[in-house]
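Welcome, and please have your viewer ready. We will go through the model one selection at a time.

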Amino acid sequence: MTTQSGGPNGKIAIVTGAGTGIGRSASLALAAEGYSVALAGRRAQLLEETISMAGDAAGRMLAVPSDLGKPEGVAALFSATKERFGRLDLLFNNAGISAPPIPLEDLTYEQWQNVVDVNITGAFLCTQEAFRMMKEQDPMGGRIINNGSVSAYVPRPNSAPYTATKHAITGLTRSTSLDGRKYDIACGQIDIGNADTDMAAVFKAGVPQPYGEIAVEPTMAVENVARAVVYMASLPLDANVQFMTVMATKMPFIGRG
């Protein structure tokens, strides 16, 4: 095994869904704070693009193309991280997909299952592997941050698979927070609303509202989310942000529906 010590702050992170959007922004922000970062995602090219944006920190980043919906894909991610860096201090369970915004009754089983596999099964499998690493390393412990989304509270129209999995993430967060105590593993959840990523382009064009109309929704800079993740990660393990909501101030979340 060829291990490499962490960056300036000596800490190692895994970020899933690191090739685009929130995952990319969080990976770059963590690297800028001195973390070494293993980047997970389906598309190697996008992971390498994230690394190319990291400047002097690029040498502390590792691209690991991964299918997070399968146990063998998750095991390979954590094995590669351990081989390169030797330990794990932070897991950001960020990867997520959605199904087409069509009526619930028209969704196929495959569309449902694809969302479940990535959004909740993938997060669970990554949490399992993180527990295994964090409880065995010296010093023991670490932190897990789950991307819940404001959909962990309220749905958008025609979003049953995504909303159901994000509600499930909240249950996983609470169970992880409880079961991790004996291993000094802290777990919290960040719920994000309308961060300005490629996926948010639809908000600027107009999206369906619960009252049946199409409306443009405000967005916020994705860097606000990255800063929040860095803050949550920066706390000592005897302190935890259990739930944090970071959202565009004027988006229709408060009062949605």
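Where does R87 lie? Select this residue and you will find R87 in the loop between α3 and β4 (90–93). Keep in mind that you are looking at a predicted model.

Stay with R87 for a moment. R87 counts as buried because its relative accessibility is 15%, under the 20% cut-off. Now show its surroundings: leaving out residues up to four places away in sequence, R87 touches I12, T81, M133, Q137, D138, P139 and G141.

Next, select helix α3 (residues 71–85) and helix α4 (residues 109–136). Their axes come within 9 Å and cross at roughly 35°, and the crossing is right-handed. To see the contact itself, show P71, V74, A75, F78 and K82 in α3, which meet L125, C126, E129, A130 and M133 in α4. These residues divide into 8 nonpolar, no polar and 2 charged.

Now bring up the strands. An open sheet of 7 strands runs in the order β3-β2-β1-β4-β5-β6-β11, with parallel pairing. At its edges are β3 (61–65) and β11 (243–247), each pairing on one side only. From one strand to the next, the twist averages 15°.

Zoom in on β4 and β5 (residues 142–147): 4 bridges join these parallel strands, and L90 stands opposite R143 in β5.

Notes:
Residues numbered from 1 in each chain as written. Predicted model: local features only at pLDDT ≥ 70, side-chain atom pairs only at ≥ 80, totals over all residues. Heavy atoms only, no water. Axes fitted to C-alpha atoms, helices over the stretch in contact; angles between N-to-C directions. Helix = DSSP H or I, 4+ residues; strand = E, 2+ residues; numbered from the N terminus. Left-handed = near helix turned anticlockwise from the far one by under 90°. Contact = heavy atoms within 4.5 Å. Nonpolar A, V, L, I, M, F, W, Y, C, P; charged D, E, K, R; others polar. Buried < 20%, exposed > 50% of the residue type's maximum accessible area, 1.4 Å probe, protein only. Pairing = 2+ DSSP bridges.
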